[in-house]
Amino acid sequence: MSSTAPGGAKPTVTVTLDGSNRSTTLPLLSGTLGPETVDIRKLYGELGIFTFDPGYGATASCESKITYIDGDAGVLLYRGYPIEQLAEQSDFTEVAYLLLEGELPNAKQLAEFRTNVTRHTMLHEQLRRFFDGFRRDAHPMAILCGVVGALAAFYHDNLDINDARQREIAAFRLIAKVPTIAAWAYKYSIGQPFMYPRNDLNYAENFLYMLNAVPAEPYVNNPILSRAMDRILVLHADHEQNASTSTVRLAGSTGANPFACIAAGIAALWGPAHGGANEAVLKMLGEIGKPENIPEFIRQVKDKNAHTKLMGFGHRVYKNFDPRAKIMKDTCHEVLAELGIKDEPLLDMAMEMERIALEDDYFVSRKLYPNVDFYSGIILKAMGIPTHMFTVLFAVARTVGWISQWKELIEDPAQRIGRPRQIYSGAGTRDYVPVSRRD
């Protein structure tokens, strides 16, 4: 393989098969930021070969203008804006507009967007009956996945995904209704009445209201907790082409109903290797038991033969400090101070683990810094949200990213139905033998 760019021409890569006279020249593409990418679409047609990339870790499946990550530098951008600026100065609905539309809104556009989201938060009353079909001990992610998928039955015949206005309405419906479905899934699991959304509250406030309020007494909004929830939503709104986002795009490439595509993303997010990471942090702390057991746990982490997993530290993408983690760290301490939480064993252990990770050379040299899942898990625990709801909250945040990615996919004329290839390693061609003749 060789790369050339003579006389100012666009750079290309030439691939030659050893021992043959077959070769092809492939374009070398460049984005606004990030590494150059070889366009291999002609590879099979001209050379009859595929590429092999399990997990697609070195393969660009699409061109996107939504999110950019530089894991080595610890950078996360939404539409070019650093996540730190958005989390500190913006709010979730403004970020949702940015992800969907590509630019920050002016005051009028933002007000209209908030109104449109607010007016779609209620669910069709028949959807209440869907919840009764689940066992009371069903995982809220199972309920969320099922009910979001069921929205396709309510908004299907009149939804033309090729119509921009109908795509916009579908986006409003998903961003608005998923928090309601998520909150009702939680209420159903604990046997409390469903709380209908309130139009006088902002997005994060309304979500916390539906989670925590009861008809028997007035609900009092806590601005510190609402701001913490808003930041969690902003920081998890999108994260490039991860497993769940790729799932949404793959489903969307078939022309499927957008509600079904988002349900597919929710199913992918449910996996403990993806959306369950902050839940795994608290499980790890629970297994440690008490602060005095931390040194022994750290010793086992350092022992390669112990196979002890360290959750909430480091990141597959970020080889530096997760840019979202610093914001979550500050928010975490704000929440703990606001709630006056002291002598909580899990939280005490979390703070001790944080101290060790930032001081111990084993962690520092390997860049195993606390990540966003570490701090968000602590915040949600402190706010009284049970661990089985953590991934559900993640899905509420990520819905806006999913629908933005789906919208971009549908509007991209270069996109085709997803059809990954494989290396077949099964049996060769065989002749069928009737069962009567088999030994």
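**Pocket, cavities and overall form of a predicted model**

Q: Which helices each supply at least two residues of the lining of the second largest pocket?
A: Helix 4 (107-118), helix 7 (164-190), helix 8 (203-212) and helix 9 (223-235) each do so; helices are DSSP runs of H or I with at least four residues, strands are runs of E with at least two, and both are numbered from the N terminus. Helix 8 provides the largest share, 6 residues. This is a predicted model, in which local features need pLDDT of at least 70 and side-chain atom pairs count only at pLDDT 80 or more, while totals for chains, interfaces and linings use all residues. Residues are numbered from 1 along each chain as its sequence is written, and side-chain values use heavy atoms, without hydrogens and water.

Q: What makes a set of points a pocket or a cavity?
A: On a 1 Å grid over the protein atoms alone, a cavity is a set of points where a 1.4 Å probe fits but cannot get out, whereas a pocket is an open set with protein on both sides within 12 Å along at least five of seven lines; lining residues have an atom within 4 Å of a point. By this rule the structure has 2 cavities of 30 Å³ or more. The second largest pocket has a volume of about 300 Å³, and among its 21 lining residues Thr93, Leu201, Asn202, Tyr203 and Ala204 are the closest to its centre.

Q: Which residues line the largest cavity?
A: Leu100, Glu101, Phe113, Glu168, Ala171, Phe172 and Lys407 do, around about 50 Å³ of space. Helix 7 contributes the most, with 3 residues.

Q: How do the residues of the lining of the second largest cavity divide?
A: They comprise 5 nonpolar, 3 polar and no charged residues, where Ala, Val, Leu, Ile, Met, Phe, Trp, Tyr, Cys and Pro count as nonpolar, Asp, Glu, Lys and Arg as charged, and the others, Gly among them, as polar. Among the lining residues are Ile232, His236, Asn278 and Ser376. Helix 18 gives the largest share, 3 residues.

Q: Why is the chain called as compact as a globular protein of that length?
A: The chain contains 18 helices and 7 strands. Its radius of gyration is 24 Å, close to the 22 Å that the globule rule gives for 439 residues, and the chain is therefore as compact as a globular protein of that length. The radius is taken over C-alpha atoms, and the rule is 2.2 Å times the number of residues to the power 0.38.

Methods:
Grid points are joined across faces, edges and corners, and a volume is the space filled by probe spheres set on the points.
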